[in-house]
Amino acid sequence: MTKPSLPDLLHAAVSAVGGTERPGQVAMAEAVAEAIDDNSHRLIQAGTGTGKSLGYLVPALAHGERVVVATATLALQRQLVERDLPRTVDALHPQLRRRPQFAMLKGRSNYLCLHRLHEGAPQDEEDGLFDQFEAAAPTSKLGQDLLRLRDWADETETGDRDDLTPGVSDRAWSQISVSSRECLGATKCAYGAECFAEAARERAKLADVVVTNHALLAIDAIEGAPVLPQHEVLIVDEAHELVSRVTGVATGELTPGQVNRAVKSSAKLVDEKIADALQTASETFERVMELALPGRLEQIPEDLGYALMSLRDAARNVISAIGATRDKSVHDEDAVRKQALAAVENIHAVAERITIGSEYDVVWYERHDRFGATLRVAPLSVSGLLREKLFEDRSVVLTSATLKIGGDFNGVAASLGLSPEGVEGDDVPLWKGLDVGSPFDYPKQGILYVAKHLATPGREGTRGDMMDELAELIEAAGGRTLGLFSSMRGAKAAAEELRGRLDNPILLQGEETLGELIKNFAADPKTCLFGTLSLWQGVDVPGPSCQLVVMDRIPFPRPDDPLMSARQKSVEEHGGNGFMAVAATHAALLMAQGAGRLVRASGDRGVVAVLDPRLATARYGSFLRATLPDFWYTTDRNQVRRSLAAIDATAQADGK
C-alpha cells in the first residue's frame with residue numbers, strides 16, 4: 001500500500017474542522033515531518049490563525065510512533081483532546097487505515113484521590129474529613145465544596161480537577177488529592193484498582209499521542225524517574241512559556257507554617273526525643289523568618305544558616321525513624337506515614353539545597369502581608385538542564401506565536417540550552433528555526449501607536465497624563481478595550497479612576513472568574529476589561545468587542561526581582577548585555593503576547609496602544625518593536641483617535 005502524502009492528509013484534516021489550508025500551515029507540517037524523519041529539532045514560529053495544532057498533529061499522527069504534546073495552558077490541552085484530535089483522527093482514518101489513540105496525562109495531584117476521599121486527610125483525623133460538615137449544616141464554603149466533591153466522585157470518569165465545573169478552592173482540593181510523594185502506590189492502596197491517576201497513566205501507555213503540560217514535562221526531566229511513557233517525538237506548544245514553567249518546578253520553598261505542619265504530622269510516628277529536635281529546629285527557623293526582609297541572599301546569614309542546618313539534621317533523623325517504627329494506635333497508619341514522610345523529606349531537601357549553596361542557585365526571602373515570610377531557592381538558569389534532558393533520544397519541535405525575540409530565534413534558543421542556529425560541536429543539539437508567518441495582513445488590520453508625548457513612567461505614583469490618554473482612547477474606540485497593565489495595582493487604579501470618568505462598563509481581573517470576565521467582555525462592545533499583562537496571554541476575543549489593546553508601560557521585570565536581577569548580573573559577569581538578554585527579552589515576550597490579542601481573525605481591525613514613550617525613544621525600542629506583529633506604526637495621537645472612531649463607526653453600522 002502506498003503511503004498517503006502529507007498534503008492529502010493535511011487537506012483531509014483541515015476540511016474536517018471546516019477550514020482551508022494556509023501556506024504557513026503547510027510549511028509548518030512539512031518542517032515537522034522533516035524533523036521527525038531526520039530525528040532533528042525545530043523551533044517554529046507560527047502566528048495567530050496559522051492553525052498550528054493541525055500543522056504538527058497531522059505529520060505526528062502520520063509518522064506512527066508515539067508522540068508527546070506538552071502545552072502551557074489548560075485551554076489548549078482541552079482544545080487538543082476534545083476538539084482537534086478527535087476530528088483529526090476521524091479525518092485521517094480512511095487514508096492511514098488505522099485509528100491512533102490519544103490520552104491526557106497530568107501530575108498526580110490533578111486527580112481526585114479515592115483513598116483521601118474515603119479515609120480522610122491524615123491531618124484532619126481527629127474530626128474526620130466530612131463528619132464535621134454532616135454533623136452541622138455545611139454552611140462554610142469549604143464544607144459545601146467537599147460535599148460537592150464527594151458527589152462528583154461518584155459520577156466522574158476521569159477524576160481530573162479540570163473536569164469539575166464550577167471548580168473548587170485549592171484548600172478544598174488539597175483535602176482530596178495527594179502528591180506523588182504522598183501516594184501509597186497502587187499495590188498498597190485499598191483503592192488502587194479504581195485510582196484515577198493510575199487509570200490516566202495506563203491510558204497514556206496505550207496512546208499514540210499523549211497530551212500533557214509543561215510542568216509534568218519538567219518533572220519528567222528533573223526527577224529522573226520517568227513519568228511520561230517512552231516516546232520518539234516531543235512537541236512543545238506555547239514554547240515561549242517553557243523556561244518559566246520549568247523554573248517553577250525546579251524552585252523550592254520553606255515557610256514556618258509548612259515546617260510546623262511537618263512537625264505535627266510526624267510527631268506521633270517517632271520517639272519523643274527525635275520529634276522534639278524537629279520541633280526545636282522549627283521554632284528556631286520561625287524566629288529567623290519573623291525578622292526576614294524581602295530580597296536576595298547572596299550570602300546565607302549566620303542565623304539562617306544555623307537554623308537550616310538544624311532543620312536539615314532533625315528532618316534527616318525523623319526520616320530514618322519514621323521508617324523504623326510502627327504505631328497501631330494511629331488510624332490508617334500507612335497513609336499518615338506517607339504524608340508525614342513527604343512533608344519532612346521536602347523540608348530536608350530544601351534545607352540541604354540551600355545549606356550546600358550551589359553557585360547555580362538563587363536564594364531569596366519573600367514577604368506576604370497575610371502569610372508572612374517565605375524562603376525560596378531557584379536555579380539561576382535551566383538552560384543546561386533543558387539541553388541535557390530535553391533534546392536527547394528524541395526529535396523535539398518547539399512552537400509558539402512568539403519565538404523570535406528582537407527579530408531572531410537565538411535568544412529563545414539560548415534559554416533552552418541551544419547554541420546559535422547552525423553552530424556545530426560536541427554535545428550541541430543542532431536545530432533549525434522557521435517562521436511561517438501569519439495569514440493576517442497586519443499592516444492593514446492593525447496600528448501600533450506609541451504615546452510618545454507622555455512622561456516616562458516612574459517606579460511609583462499615579463500617572464495623570466496616562467489616565468487622560470487612556471480615557472480619550474477608550475472614548476474614541478467606543479469601549480471595546482482590553483487594558484493590559486504591568487501590575488495589579490496599576491489595573492485597579494485605572495479601573496477605579498475611569499469608572500468615575502467614563503460611562504463604559506469596566507471589568508477588572510479578580511472581581512469574577514476569568515471565564516466569566518471574558519464572556520461578558522465579548523458580549524458587550526461598550527465594555528472594557530482591565531487586568532495584568534502576564535495573565536491575559538490566553539484571551540481570544542475575535543470581532544468588534546476587542547478593537548483596542550492598551551499596555552500601560554513596557555513590562556520590564558521589577559528591579560528588585562531576585563531571580564531576574566541575578567540572571568541579569570550573571571550574563572554581565574560572562575561579558576554579555578544582561579539588560580538586553582534578560583529584562584528586554586522578558587518585556588518583548590510579554591508585549592508580543594499582549595499585542596497578539598488584537599487580531600484574532602481575518603476581519604479584525606484595531607489599535608495596539610503603548611502608553612510608554614520609551615518604545616519610541618529608547619535605544620532598545622527597536623528591539624521590542626521587532627518582536628511585535630508588523631502593524632502600521634505611528635506616534636500621531638490625533639491620527640489614532642480618528643482611526644479608532646472610524647473603526648467604531650463601522651462596527652456600529654454593522655450592528656456590532
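A word on terms. On a 1 Å grid over the protein atoms alone, a pocket is an open set of points with protein on both sides within 12 Å along at least five of seven lines, while a cavity is a set of points where a 1.4 Å probe fits but cannot get out; lining residues have an atom within 4 Å of a point. Grid points are joined across faces, edges and corners, and a volume is the space filled by probe spheres set on the points.

Before going further, the background. This is a predicted model, where local features need pLDDT of at least 70 and side-chain atom pairs count only at pLDDT 80 or more, while totals for chains, interfaces and linings use all residues. Residues are numbered from 1 along each chain as its sequence is written, and side-chain values use heavy atoms, with hydrogens and water left out.

Helices here are DSSP runs of H or I with at least four residues, strands are E runs of at least two, and both are numbered from the N terminus.

Is Leu385 buried or partly exposed? Leu385 counts as partly exposed because its relative accessibility is 25%; buried means under 20% relative accessible area, exposed over 50%, and partly exposed in between, with a 1.4 Å probe and protein chains only. Leaving out residues up to four places away in sequence, Leu385 touches Ile222, Val246 and Leu390, where contact means heavy atoms within 4.5 Å. Leu385 is also 7.9 Å from Ala221, C-alpha to C-alpha, although 164 residues separate the two in sequence.

Now the cavities. How many are there of 30 Å³ or more? The count is two. The largest cavity has a volume of about 260 Å³. It is lined by 23 residues, and Cys113, His115, Val178, Cys183 and Leu184 are the closest to its centre. At least two lining residues come from each of α5 (114–119), α9 (196–206) and α15 (333–356), and α5 gives the most, with three. The lining of this largest cavity divides into 14 nonpolar, five polar and four charged residues. The second largest cavity has a volume of about 30 Å³, and its lining includes Ala60, Arg98 and Asp208.

On to the sheets. Strands of a sheet pair through backbone hydrogen bonds, either parallel or antiparallel. Here, two strands pair if DSSP finds at least two bridges between them. β6 pairs with β9 (residues 372–379) over three bridges, with Gly252 opposite Val377 and Glu253 partnered by Arg376. β8 (residues 361–368) and β9 pair over eight bridges, and a hairpin of three residues joins β8 to β9. As for burial, seven of the eight residues of β9 are buried.

The other open sheet I want to show has seven strands in parallel pairing, ordered β14-β15-β13-β16-β17-β12-β18. Its edge strands are β14 (506–508) and β18 (632–634), each pairing on one side only. In this sheet, β13 (residues 481–485) and β15 (residues 528–532) share five bridges, and Phe485 has Thr532 as its bridge partner. Helix α21 (residues 514–523) packs on the sheet, touching β13, β14 and β15, and makes about 165 degrees with β14. Those angles run from 0 to 180 degrees between N-to-C directions, with axes fitted to C-alpha atoms, for helices over the stretch in contact. Thanks, everyone!

Notes:
Nonpolar A, V, L, I, M, F, W, Y, C, P; charged D, E, K, R; others polar.
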